Amino acid sequence: MAATREVLIVGGGPTGVVLGMLLGDFGIDVLVVDKRPRISPLPRARGIHARAAEILRQLGIEDDMVAAALPVRPALEVRGPLTEPPVAVVPTGGEGFVEVSPSEGIAIAQDRFESVLRQHLTRRSTVELRPGVGATELSLEEGGSGAVVTLTETASGRTSTVRAEYVVGADGWRSDIRRGLGVPFLGEEHLARLRGVFFRADLRPWLGDPPPAFIQLTHVPGILLSTHPDHRWATMRLTGPDGAGPKVPEALIREHLGVDVPVEVLGDTTFSVGVQWAETLQRGRVLLAGDAAHRVTPQGAGGISAAMADAHNLAWKLAAFLRGWGSPALLASYAVERGPVTRQICAANKEMWLAMQQSTDGPPRIDLRVLDMGYRYASPVVTGGSARPLDVTATYEQTAAPGARAPHVWLDDAHTRSTIDAFGTSMVLLAAPNTSWLSALPQAAAGTGIPVDALAAERDDVRAAYRLHDGDAVLVRPDGHIAWRSHARPSLSGVLRQALLTATGR
């Protein structure tokens, strides 16, 4: 007899684990399976952006992740060989970045990132992680009431079955779940091939301590990244069928650096980079997230951040539907909202990649915060929401427009609590103190089952950021995006009730 779970997540990387934790905070019964018996020791991706760090903040993980992070200077340096001074320095963090977020991006290799995530996952009592277990067969039940999945242990080959009300494919860009559904992966599978060599060497004489976050070397074009505090590095170079540069990795490293330094090679691999996206993110009771839904190049280091945004959008909608306060239309809005956004992110990433290959003085001048925070969701559950093209050459500015990420403003002079900290597992009505909106909330929410909290905007800067003039109000979703803002005054409780129902697809 098949075991029963509310949600089965296939893939135990950052997407699957973050989604599992978010669902666990709603009390959803979740099983996460990962065919890898253990976390890969190679660093792979290295770092997340501020919006993803905000999600970690919501989960109570940010401090532990920062403690495990790599000490780096928030800058990209463009150099010839290491022996020459930088020809360009581009800030990647600092005061100009934190003004729009309580969090900063975190430089951390994916192996350490996943390790911290998994430590926190095990603290969620309703979530179970099974490493070394893959999903090898999926069938949808008649009537669309759920799915039955065959699970296979990687080491022994033993099988079992689980019935889940919903299945989420978070199993990478070669996703077995996506292929099993027959969902096409659009875009370009192969833009280029990279050779990555991982090594240990003391580069402090040239790069200082801590080193810059990113180093673009133009002497022999490629990227150099610090990956771990114990002098571990990665060098990435374009390659062809026969490899790039010397066959011997030690010689390749020295050629790339332009210095003769003792090195210990830890790994040598080649991999394809491409930009692709799934034609749809939902087929019945099965949804796609993370790299299973979209694939980008390493340019901009935005892959994990975009994947975590998928999880953030999806988790509260799944929980709302499973707990009865959200409708099927709310769940369907995941694909409606994230689909267009991820296609825009993919298009921008491809442009960044191509521009970088043609540049000799560093990456194009773009604002990565636009990719992470600047999009707006447009769907039937956002009242008055309208999508707009992402312009990564523009400077990101916070807005409280429907569909946008709710602005960050500090709620205290000590800068310990942000408006971002008010969002997570409920709707939040934000209004100026002593307005009728706040007093109308209990009647508006009565009988709906919708969890909703009130937040009085006591501070002038909060009211300014959210444009709370003349008694306006804003309704913010659990994922921190604006669902509605006041546009009518008669029968406040009736207007607010309708806003709550629309925001949950009812």
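In helix α2, the buried residues are A50, R51, A52, A53, E54, I55, L56 and L59. Buried means under 20% relative accessible area, exposed means over 50%, and partly exposed lies in between, with a 1.4 Å probe and protein chains only. Helices (H or I, at least four residues) and strands (E, at least two) are DSSP runs, numbered from the N terminus. The model is predicted, so local features need pLDDT of at least 70 and side-chain atom pairs count only at pLDDT 80 or more, while totals for chains, interfaces and linings use all residues. Residues are numbered from 1 along each chain as its sequence is written, and side-chain values use heavy atoms, with hydrogens and water left out.

Helix α2 spans residues 50-59 and is mostly covered, with 8 of its 10 residues buried. G60 follows α2 and has a positive phi, near 80 degrees.

Of its 12 residues, 9 are buried, so α5 is largely enclosed by the rest of the structure. The buried residues are Q110, D111, F113, E114, V116, L117, R118, H120 and L121. From its first C-alpha to its last, α5 reaches 16 Å, close to the 16 Å expected at 1.5 Å a residue; the expected span is 1.5 Å times one less than the number of residues.

Strand β2 (residues 30-34) has 5 of its 5 residues buried, so the rest of the structure largely encloses it. Both of its faces are covered: V30, V32 and D34 are buried on one side, and L31 and V33 on the other. Two strands pair if DSSP finds at least two bridges between them. Strand β1 (residues 3-10) runs parallel to β2 and is joined to it by 4 bridges, with I9 having V32 as its bridge partner. Strand β7 (residues 127-131) also runs parallel to β2, through 5 bridges, and here V30 stands opposite V127. Together, β1, helix α1 (residues 14-24) and β2 make a right-handed β-α-β unit. A crossover is right-handed if, with the strands pointing away from the viewer, the path from the first strand over the helix to the second runs clockwise.

Strand β14 (residues 232-239) pairs in the antiparallel sense. With 6 of its 8 residues buried, β14 is largely enclosed by the rest of the structure, so it can be grouped with the covered elements. Strand β11 (residues 185-200) is joined to β14 by 8 antiparallel bridges, and V197 has T235 as its bridge partner in β14. β13 and β14 form a hairpin with 3 residues between them, and in the turn H231 has a positive phi of about 65 degrees.

Strand β19 (residues 427-431) runs parallel to β20 and is joined to it by 5 bridges, where L429 stands opposite A454.

The largest nonpolar core has 110 residues, and L8 and L475 have the most contacts inside it. Such a core is a set of buried Ala, Val, Leu, Ile, Met, Phe, Trp, Tyr and Cys residues joined through side-chain atoms within 4.5 Å. Helix α9 (residues 303-322) gives the most to this core, with 11 residues. Apart from it lies another core, of 16 residues, among them A201, I215, L224 and V259.

Some backbone angles remain. Most residues other than glycine have a negative phi, and most peptide bonds are trans. H415 has a positive phi of about 55 degrees although it is not a glycine, and lies in the loop between α11 (368-373) and β19. R467, in the loop between α13 (460-465) and β21, has a positive phi near 55 degrees. The peptide bond from D209 to P210 is cis, with omega near 5 degrees.
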